[in-house]
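Me: Could you walk me through this protein model step by step? I am new to reading structures and would like to learn the terms along the way.

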Amino acid sequence: KGGEKKDEKDLKQQEVEFSKDSLVLKSPEAKFVLKYKIDASKTPATIALEIVESPFGVGDKAVGLLELDGDELKICYAPGDKGPESFETKTDSPNRLVKLKRMKTEK
């Protein structure tokens with residue numbers, strides 16, 4: 001966010017679970033549920049997000065870009081209705097860049 005990286009130790013305490021049309025972000029402090037819609041007809045694909053459950057209220061929206069490369073999902077988004085044009089965030093930028101790696105499950 002704003003060009004600053006989060007502490008890796010804090011990030012390892014968070015989980016993101018995806019379902020068909022929503023995602024759940026869990027951390028030791030809070031839980032957020034967001035509905036999402038993906039437009040894969042664009043390159044890169046775009047995503048629209050809306051908070052439907054959070055300790056800070058509901059209804060906030062964001063739009064962004066997403067890209068899946070193997071087990072890594074990259075999402076760059078900004079609050080409001082004007083999303084980023086690239087996968088980057090800089091100082092004083094509203095953009096947030098998230099890189100998620102698929103967890104390996106034992107069979």
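Reply: Here is a tour in questions and answers.

This is a predicted model, in which local features need pLDDT of at least 70 and side-chain atom pairs count only at pLDDT 80 or more, while totals for chains, interfaces and linings use all residues. Residues are numbered from 1 along each chain as its sequence is written, and side-chain values use heavy atoms, leaving out hydrogens and water.

Me: In which order do the elements run from the N terminus on?

Reply: Let's start with the labels: helices (H or I, at least four residues) and strands (E, at least two) are DSSP runs, numbered from the N terminus. The protein has 1 helix and 7 strands. From the N terminus on, the order is α-β-β-β-β-β-β-β.

Me: How many bridges join β1 to β2, and which residue is the bridge partner of E15?

Reply: Two strands pair if DSSP finds at least two bridges between them. Strand β1 covers residues 15-18 and strand β2 covers residues 22-26; the two run antiparallel and 4 bridges join them. They form a hairpin with 3 residues between them. In β2, the bridge partner of E15 is K26.

Me: Now β2 and β3: how many bridges join them, and which residue in β3 is the partner of L23?

Reply: Strand β3 covers residues 31-39 and runs antiparallel to β2, with 5 bridges joining the two. A hairpin links β2 to β3 through 4 residues. The bridge partner of L23 in β3 is L34.

Me: What kind of aromatic pair do F18 and Y36 form?

Reply: Rings of Phe, Tyr and Trp (its six-membered ring) pair if their centres lie within 6.5 Å; planes under 30 degrees apart count as stacked, over 60 as edge-to-face and the rest as tilted. A search of the whole structure finds 2 aromatic pairs. In one of them, F18 and Y36 have ring centres 6.0 Å apart and planes at 75°, so the pair is edge-to-face.

Me: Which strands does this pair link, and how many residues apart are F18 and Y36?

Reply: The pair links distant parts of the chain. F18 sits in strand β1 and Y36 in strand β3, and they are 18 residues apart.

Me: Is Y36 buried or exposed?

Reply: Buried means under 20% relative accessible area, exposed over 50%, and partly exposed in between (1.4 Å probe, protein chains only). F18 has 40% relative accessibility, so F18 counts as partly exposed. Y36 has a relative accessible area of 13%, so Y36 is buried.

Me: Which residues does I75 touch?

Reply: Contact means heavy atoms within 4.5 Å. I75 is among the residues with the most contacts inside the core. Not counting residues up to four places away in sequence, I75 touches I47, L65, L66, R96, L97 and V98.

Me: Which backbone oxygen does the side chain of S54 reach, and at what distance?

Reply: A polar contact is a pair of N or O atoms within 3.5 Å; within protein, one must be able to donate a hydrogen and the other to accept it, and residues adjacent in sequence count only if both atoms are side-chain atoms. S54 lies in the loop between β4 and β5, and a polar atom of the S54 side chain is 2.9 Å from the backbone nitrogen of F56. The S54 side chain also reaches the backbone oxygen of G57, at 2.6 Å.

Me: Why does T89 count as buried, and which backbone oxygen does the T89 side chain reach?

Reply: T89 is found in the loop between β6 (72-79) and β7 (96-101). T89 counts as buried because its relative accessibility is 19%. The side chain of T89 reaches, at 2.7 Å, the backbone oxygen of N95.

How values were computed
Core = buried A, V, L, I, M, F, W, Y, C linked by side-chain atoms within 4.5 Å.
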